[in-house]
There are 2 protein chains.
Amino acid sequence: MEAAIKTVVSVFLKSSKGKENLGGKEFQSLVKSQLKNILTGTEDNEAVKNMRQQLDNNEDGKVSFQEYMNLIGYLDAFLNTFQNSPYQRSAWHFVNFISKMH
Amino acid sequence: MEAAIKTVVSVFLKSSKGKENLGGKEFQSLVKSQLKNILTGTEDNEAVKNMRQQLDNNEDGKVSFQEYMNLIGYLDAFLNTFQNSPYQRSAWHFVNFISKMH
């Protein structure tokens, strides 16, 4: 559990450089570098931008630590739902999945 | 990263039995079973109750998934601050630590 906590939090802090929010470019770099083994199509900037907009509850254009933690919850639900369908685990499908969970 | 996400989320869902909130007893069982290797004194029900109250932002007596995710962030900060002071990693000290971060 301790290792899992450190991994999840450090992924955020590495991309935010210690700040409390991720800007658009920082979020893009987080998705491309850290989620590329989880989702396909993370190179698609338009999909990543849509993902950020779905997560950005307070619509300030950034992803806060709380909003990132929501991402973790969505990713877990997405992975559980499509664990046997690797071809469905794309960034765009995930955007659609989040939009239905709101 | 995928394994870390699954660990962090499944710890919550295991204790909540799939529900969106942890009641007092469920939170107690989560702390006793999952955080005992991270914090000392997790057997102290009074400390655990205080921890729950510090996390319970909307004061409904329960710990929601979002409030649990805040716990993960606090734990990471706590562990980083006291990584070289294992004797300071107690449940009561953590309660005090959270109260100062609000």
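Predicted model: local features only at pLDDT ≥ 70, side-chain atom pairs only at ≥ 80, totals over all residues.
View 1. Chain A superposes on chain B by a rotation of 180 degrees, with 0.0 Å of shift along the axis. The RMSD is 0.0 Å.

**View 2. The copies meet through the same surface.** Of the interface residues of chain A, 100% are also interface residues in chain B, so the shared surface is the same on both copies. Contact involves 26 residues of chain A and 26 residues of chain B. Together the chains bury about 2,100 Å². Carbon and sulfur atoms account for 68% of that area.

**View 3. Salt bridges and polar contacts cross the interface of chain A and chain B.** Two salt bridges are found across this interface. The side chains of Arg89(A) and Glu2(B) form a salt bridge, with N to O at 3.3 Å. Six residue pairs are in polar contact between chain A and chain B. Helix H1 (2-16) and helix H4 (65-81) of chain A each supply at least two residues of the side that touches chain B. H4(A) gives the largest share of that side, 11 residues.

**View 4. Phe12(B) and Phe65(B) form an edge-to-face pair.** The whole structure holds 14 aromatic pairs over all chains. In the pair of Phe12(B) and Phe65(B), the ring centres are 5.2 Å apart and the planes stand at 80 degrees. Phe12(B) belongs to helix H1 (residues 2-16) of chain B and Phe65(B) to helix H4 of chain B, so the pair ties together parts 53 residues apart in sequence. Phe12(B) counts as buried, because its relative accessibility is 1%, under 20%.

**View 5. Phe78(B) is a buried residue of helix H4.** Helix H4 of chain B spans residues 65-81 and includes Phe78(B). The relative accessibility of Phe78(B) is 0%. Leaving aside neighbours within four places in sequence, Phe78(B) is in contact with Leu39(B), Gln88(B), Arg89(B), Ser90(B), His93(B), Phe94(B) and Phe97(B). Phe78(B) and Phe94(B) are 16 residues apart in sequence, yet 7.1 Å apart in space, C-alpha to C-alpha.

**View 6. Four Phe residues of chain A form a cluster.** Its members are Phe78(A), Phe82(A), Phe94(A) and Phe97(A). Ring pairs link them.

How values were computed:
Residues numbered from 1 in each chain as written. Chains lettered and ligands numbered in written order. Heavy atoms only, no water. Least-squares fit on C-alpha atoms with pLDDT ≥ 70 in both. Contact = heavy atoms within 4.5 Å. Helix = DSSP H or I, 4+ residues; strand = E, 2+ residues; numbered from the N terminus. Buried < 20%, exposed > 50% of the residue type's maximum accessible area, 1.4 Å probe, protein only. Phe/Tyr/Trp six-rings, centres within 6.5 Å; stacked < 30°, edge-to-face > 60°. Buried area = accessible area lost by both parts, 1.4 Å probe. Salt bridge = Lys/Arg side-chain N within 4 Å of Asp/Glu carboxyl O. Polar contact = N/O pair within 3.5 Å; in protein donor to acceptor, adjacent residues only side chain to side chain.
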